[in-house]
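Here is a quick briefing to read alongside the model. Take a moment to look it over, then work through the topics one by one.

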Amino acid sequence: MKEENENEEVRNDDQGTERAIKGMYEDWFLDYASYVILERAVPNIEDGLKPVQRRILHAMKEIDDGRYNKVANIIGATMQYHPHGDASIGDAIVNLGQKELLIDTQGNWGDFRTGDSAAAPRYIEARLTKFALEVGFNKQTTEWQKSYDGRKNEPVTLPIKFPLLLAQGVEGIAVGLSTRIMPHNFNELLKASIDILKGKKSDIKPDFPTGGMADFSDYNGGARGGRIRIRARIEERDKKTIIITEIPYGQTTTSVIDSIIKANDKGKIKIKKVVDNTAKDLEIEVYLAPGVSADKTIDALYAFTNCEVSISPNACVIVDQKPMFMDVNEILRLNTQRTVDLLEQELKIKKHELEEKWHFSSLEKIFIEERIYRDIEEAETWEEVLGNIDKGLEPHKKKLKRAVTEEDIVKLTEIRIKRISKYDAFKADELLKGIEADLDQVNHDLEHLVDYAIAWFKSLLDKYGKGRERLTEERTFDSIQAAVVAATNEKLYVNYDEGFVGTGLRKDTYICDCSDIDDIIVFQRNGNYVVSKVSDKAFFGKDIIHVDVWRKGDERMVYNCIYSDSASGKTFAKRFNVKSITRDKPYNVGKNDKDTKVQYFTANANGEAEVVTIYLHGLAKARKKIFDFDFADLAIKGRSSQGNTVSKYRLRKVDLKEKGQSTIGGRDIYYEPAIGRLNVDGRGELLGSFQTDDHILVIYQNGEYELTDHELTNHYDVNQVYYIGKYNPKSVITCIHLDGKQKTEYVKRFQIETSTIGKRFLFINEGRTSKLLYATLAAKPRIQLITKNDKKEKTEEVIHLDEFIDVKGWKSTGNKLTYETFVKFVELPAEDVDEEELEDDEDEMDEIEETPTDDPSDSGDEKPSTQKEVAQKDPPKLSSEDKKIFTSGDQLNLL
């Protein structure tokens, strides 16, 4: 019994200890979580700083004398306020210094672009910037608290009169929550604050110090659930080299290069080498493997490397000692209001100081001019001195703005005799007038506080905005399909007899090149088909009739099929797409694999429809046992459709009679100027309907043209493209260009004579100052030419460029635009062209022999023909309609 009681006591004691530990854990964990959130990881909404950053800036202000201080000394000064190690303080100082906003640095502070660390604290120096001193400190408006050991006073928050939190950005991981606020552009924040004060809505977007391009479509104001896609800026130097000049935020050149090498090792891209040439400017050179497309490699870099990253912002800040989630526009509104409140406090403090200064200056004026100081000569006690002065001031107290205190009288007794003897009444009156003027201005600013705050933000913009232009370009990205841009690092083989497909069957039938992330589609004689991932070797079943790489959503790939259904005895024909499908799930072109037998099958990449000859069995009762069947008569339907009946009799065989044309027409291709990409989704400008063999003509601003295919992976530099459209071999390009050597403007008209795809050709004269002024594909273009003669008299004439010069070779210089002094020209709307006349002109054009490039007329030295000379001597007059067009600013393009 005694042992049972002892065991009972032990159990009760264990339960009590468990409850005590549980209670301690709940309390301590909550205390720890609150401490980490409030004192370490999350910034305060009022000044946008974490505690360690605030203490660093306060310590730097305390030791500031205008000169640089060793960072080691700054760390030591900060440790008086910060209860943690010197390493965390040093890292925080370097982080602030690299943002180049609050701290003026000297020495090796590392490079956030390359990931290089800063030198040791004893070797680098820092001081506060002029901007930090102006917007960040004011002892009179600062709320103070005791430091962790009670020896020093430190600010609760700094009186920052600027949206610092959004300018610098911040990242922090606390207990149970995290914060991630992107950096924003300095100038845009100030302008947005001004808009808020004017009652407008703000919509700010991040701006990253690493530059690059960003898609903010899903930014969601920086709140939880948003997403930013950031891409490196990649340019094509030549067909063998591409360069990366800007990288995504949060990445370094080392991390980007490592990801490129890793993608190359996995076979996702094909490159020869990567070289980091980063110095003052960032530059990573990527050398391509022979035969690799630069455009496709750029897309592959975005798809498989850190050249594109996705960031999820999560704006969390401390408001009234509590963490709160909000978007960046609300943060900016609160920061702007905080700035207004601080400016109001400063104005009120200044007003009080001016009032006190006016009060004492008035007392001093009365005290000296009324000779009240003489009343204290006979006084024997201190109280009598104060009483005599107060009595002497009594008649003049009505002139003052507040009551006279004993402290005021004491200050009057401290005025020296030297000052009284040299007192200047005029200067005293001027001083009072100046104080009153300042008071009037302060009162005006307080009454118009919003205008005063707007002026404050504008002054910051004027003083510090230069050199802080936006670095990150805002764009809308298109989605890149990884399977399309992946390098073809594998070869696909098939064993038709045994039913195996894979990249390891090197002794069997070769199908095509592919990548290791592609999907393949396999059709069998029994009508079954399946989509599966590329693998080394996979079994799909015997009697394979077709294997190829499968692209999801491909509407132009059409399968033409004739199959027999043994259950009904009929033969069906169908044309179908396989746009979406469940991977590794078998499907059938008919009802099932037991009753279905494929008699004829083709895969057509552009929807072609052939004509076949069908032979019925000899025992069939049909009158016509041999007849033709045209697949063009069938509509393209879904993969589950049964198809149309070809015959109710048994077939003997099906032969191809005639290859067909595409029945789905051309593919409408659009060009999106904002990103320089092609698409088929209707975004941007319609270039035209393209068949397989059609091409795109691109004219560049530097005077080059290029023919390209219409692959959706093509890139076009939006800053260089002058014209882009569907190429018509019969089109004539009319251009005006400046010959840099002769300083002369020439007109030329030519047709594209080259056939090389993907190569640029310069069609204006070479020269550093040579440039393209104007180009058009209009049949009858017109310009208004303005020139000066020797007497500096301006003349105007309308020139029909199609009549000014004949079509010549693309290498020709052309004819001089004018022999007078060229001023400028204005493009006029082209004349309408009669279709019959255009057809006649095209027939004549086909009969014209090619103009030799060494024709003397191409040198540009001779004068135009007699007909052109007459036109120049007697220029046509502008009609009223032409003059109307000329003066209509919205229809003219001044070059």
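Asp47 and Arg54 pair up in a salt bridge, with their closest N and O atoms 2.7 Å apart. A salt bridge here is a side-chain nitrogen of Lys or Arg within 4 Å of a carboxyl oxygen of Asp or Glu. Keep in mind that this is a predicted model: local features need pLDDT of at least 70, side-chain atom pairs count only at pLDDT 80 or more, and totals for chains, interfaces and linings use all residues. Residues are numbered from 1 along each chain as its sequence is written, and side-chain values use heavy atoms, with hydrogens and water left out.

**Salt bridges**

- How many salt bridges does a search of the whole structure find? The search turns up 44.
- Asp47 and Arg54 are both buried. Buried means under 20% relative accessible area, exposed means over 50%, and partly exposed is in between (1.4 Å probe, protein chains only).
- Lys205 and Glu474 form another salt bridge, and their closest N and O atoms are 3.5 Å apart. Lys205 sits in the loop between α7 (186–197) and β8 (213–215) and Glu474 in strand β17 (residues 473–474), so this pair ties together parts that are 269 residues apart in sequence.
- Helices (H or I, at least four residues) and strands (E, at least two) are DSSP runs, numbered from the N terminus.
- Buried or partly exposed: which is Lys205? Lys205 is buried, because its relative accessible area is 16%.
- Glu473 is partly exposed because its relative accessibility is 27%, while Arg233, at 16%, is buried.
- Arg233 and Glu473 belong to a network of salt bridges that also links Glu246 and Arg475.

**Strands around β44**

- Strand β44 (residues 782–788) is mostly covered, with 6 of its 7 residues buried.
- β44 pairs with strand β45 (residues 794–800) in the antiparallel sense over 7 bridges. Two strands pair if DSSP finds at least two bridges between them.
- β44 also pairs with β48 in the antiparallel sense, over 7 bridges.
- Which residues does Leu785 face? Its bridge partner in β45 is Glu797, and in β48 Leu785 stands opposite Phe825.
- β44 and β45 make a hairpin with 5 residues between them, and Lys792 in the turn has a positive phi of about 60°.

**A three-strand sheet**

- Here 3 strands form an open sheet in the order β1-β3-β2, with antiparallel pairing. The edge strands are β1 (69–70) and β2 (103–106), each pairing on one side only.
- β1 and strand β3 (residues 125–128) pair over 2 bridges in the antiparallel sense, and Lys70 stands opposite Glu125 in β3.

**Charged patches on the surface**

- Lys788, Lys792, Lys794 and Lys824 gather in a surface patch of positive charge. Patches are made of residues with over 30% relative accessible area and no salt bridge, with like charges joined within 9 Å.
- Lys824 is found in strand β48 (residues 821–828), and it is partly exposed because its relative accessibility is 34%.
- Asp375, Glu377, Glu378, Glu380 and Glu384 form a negative surface patch.
- Where does Glu377 lie? Glu377 is in the loop between α10 (328–369) and α11 (382–393), and it counts as exposed because its relative accessibility is 56%.

**Two loop residues**

- Pro673 has its place in the loop between β34 (667–672) and β35 (677–679). Pro673 is partly exposed, with a relative accessible area of 35%.
- Pro673 and Val721 are 48 residues apart along the chain, and their C-alpha atoms are separated by 9.1 Å.
- Lys270 is in the loop between α8 (253–265) and β12 (271–276), and is partly exposed at 33% relative accessible area.
- Lys270 and Ala289 are 19 residues apart along the chain, with 5.7 Å separating their C-alpha atoms.

Terms used: Patch = residues over 30% accessible without salt bridge, like charges linked within 9 Å, V, L, I, M, F, W, Y side chains within 5 Å. Areas by Shrake-Rupley, 256 points an atom, 1.4 Å probe, with all protein chains shown as cover. Lys, Arg positive; Asp, Glu negative; His and termini not counted. Charge placed at Lys NZ, Arg CZ, Asp CG, Glu CD.
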